[in-house]
Amino acid sequence: MSVIVVSNGVMAADSYVNSSVQLGNSHCDLAYPFPKLWQLSALTRVAGVAGPLTAVAQLRQWVDNGMSPKNFPSNSGGTLLLLTKEKGLLRYKDTAIPYLHGNNNYAIGEGAPFAYGALFMGATAEQAVAAAIDGSPYCN
C-alpha cells in the first residue's frame, strides 16, 4: 500500500501503487509508478490518495469531478487526504464526511510505522517517506 506522510504543512509520498491480478489459481500483486499527490488550486490545497491502483484512480476522479457526496466511491478501499490551509489535514475513508486531523503529524500505508518512527526523531515529511522506503518492502 506504500506510504503518505503529512507533517508541518507538507505532504510527501513514495511512488508505489499496487494492483492485484488473478493468474489462474494464483494471486499476484504488481507495482506501478503512479502520481498519488497532486495540487488542487494555487498553493491552497494538496491531495493524496493511498490504496490500490483502482482506489487511487476512483478517489482522484471523485475529487476532479467536484467531490459530490452522492458520488463518493465508498467501497474503493482507498483513503483520500486533503491538506488545506484553513483546516489542516482532512481524511476521507469510506464516506464523503472527512475526519479532521488538523495540523498533527499523520502517516498512512504499509510504511507508516517507519515514517512515524522517523517523525518522532524529528524528520521532515520527505525524510519520513525516505525512512519508510528504506525500511518497508511495500514502499518504493
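Among contacts between residues at least 6 apart in sequence, 47% join residues at least 24 apart, where contact means heavy atoms within 4.5 Å. The model is predicted: local features need pLDDT of at least 70 and side-chain atom pairs count only at pLDDT 80 or more, while totals for chains, interfaces and linings use all residues. Residues are numbered from 1 along each chain as its sequence is written, and side-chain values use heavy atoms, with hydrogens and water left out.

**View 1. Overall fold of the protein.**
The secondary structure comes to 3 helices and 10 strands. Helices (H or I, at least four residues) and strands (E, at least two) are DSSP runs, numbered from the N terminus. In that direction the elements run β-β-β-β-β-β-α-β-β-β-β-α-α. The C-alpha trace spans about 50 × 40 × 25 Å along its principal axes. A compact globule of 140 residues would have a radius of gyration near 14 Å, and the 15 Å of the protein agrees with this; the radius is taken over C-alpha atoms, and the globule rule is 2.2 Å times the number of residues to the power 0.38. Of the 140 residues, 41% count as buried. Buried means under 20% relative accessible area, exposed means over 50%, and partly exposed lies in between (1.4 Å probe, protein chains only). The accessible surface comes to about 7,600 Å², of which 53% belongs to carbon and sulfur atoms; accessible areas come from the Shrake-Rupley method with a 1.4 Å probe, and for residues only the protein chains shown count as cover.

**View 2. The aromatic cluster of Trp 62, Phe 72 and Tyr 92.**
Rings of Phe, Tyr and Trp (its six-membered ring) pair if their centres lie within 6.5 Å; planes under 30 degrees apart count as stacked, over 60 as edge-to-face and the rest as tilted. The count by this rule comes to 2 aromatic pairs. Trp 62 and Phe 72 have ring centres 4.8 Å apart and planes at 90 degrees, so this pair is edge-to-face. Trp 62 lies in helix H1 (residues 53-64) and Phe 72 in the loop between H1 and strand S7 (79-84), so the pair ties together parts 10 residues apart in sequence. Trp 62 and Phe 72 are both buried. The pair of Trp 62 and Tyr 92 is also edge-to-face, at 5.6 Å centre to centre with 65 degrees between the planes. Because Tyr 92 lies in strand S8 (residues 88-92) and Trp 62 in helix H1, this pair ties together parts 30 residues apart in sequence. The relative accessible area of Trp 62 is 5%, and that of Tyr 92, also buried, is 7%.

**View 3. Two arginines over aromatic rings.**
A charge sits over a ring if NZ of Lys or CZ of Arg is within 6 Å of the ring centre and within 35 degrees of the ring normal. The charged end of Arg 60 sits over the ring of Trp 38, 4.3 Å from its centre. Over the ring of Tyr 99 sits the charged end of Arg 91, 4.3 Å from the ring centre.

Thr 79 is buried, at 3% relative accessibility. Leaving aside neighbours within four places in sequence, Thr 79 is in contact with Gly 48, Val 49, Ala 50, Leu 59, Arg 91, Tyr 92, Lys 93 and Ile 108.

**View 4. Buried sides of helices H2 and H3.**
Helix H2 (112-120) has the buried residues Ala 112, Ala 115, Ala 118 and Leu 119. They cover an arc of only 125 degrees around the axis, which puts them on the same side of H2; the arc is that of the directions from the helix axis to the C-beta atoms. Their cover includes S1, strand S10 (106-108) and H3. The face of H2 turned away from this buried side carries the exposed residues Pro 113 and Phe 120. Just after H2, Gly 122 takes a positive phi of about 100 degrees. In H3, the buried residues are Ala 125, Ala 128, Val 129 and Ala 132. Their arc is only 100 degrees around the axis, which puts them on the same side of H3. They pack against strand S1 (4-7), strand S2 (10-13) and helix H2.

**View 5. Cys 139 in the segment after helix H3 (125-135).**
Cys 139 is buried, with a relative accessible area of 7%. Not counting residues up to four places away in sequence, Cys 139 touches Ser 2, Val 3, Asp 14, Tyr 16, Gly 111, Ala 132 and Ile 133. Glu 110 is 29 residues from Cys 139 in sequence and 7.3 Å away in space, C-alpha to C-alpha.
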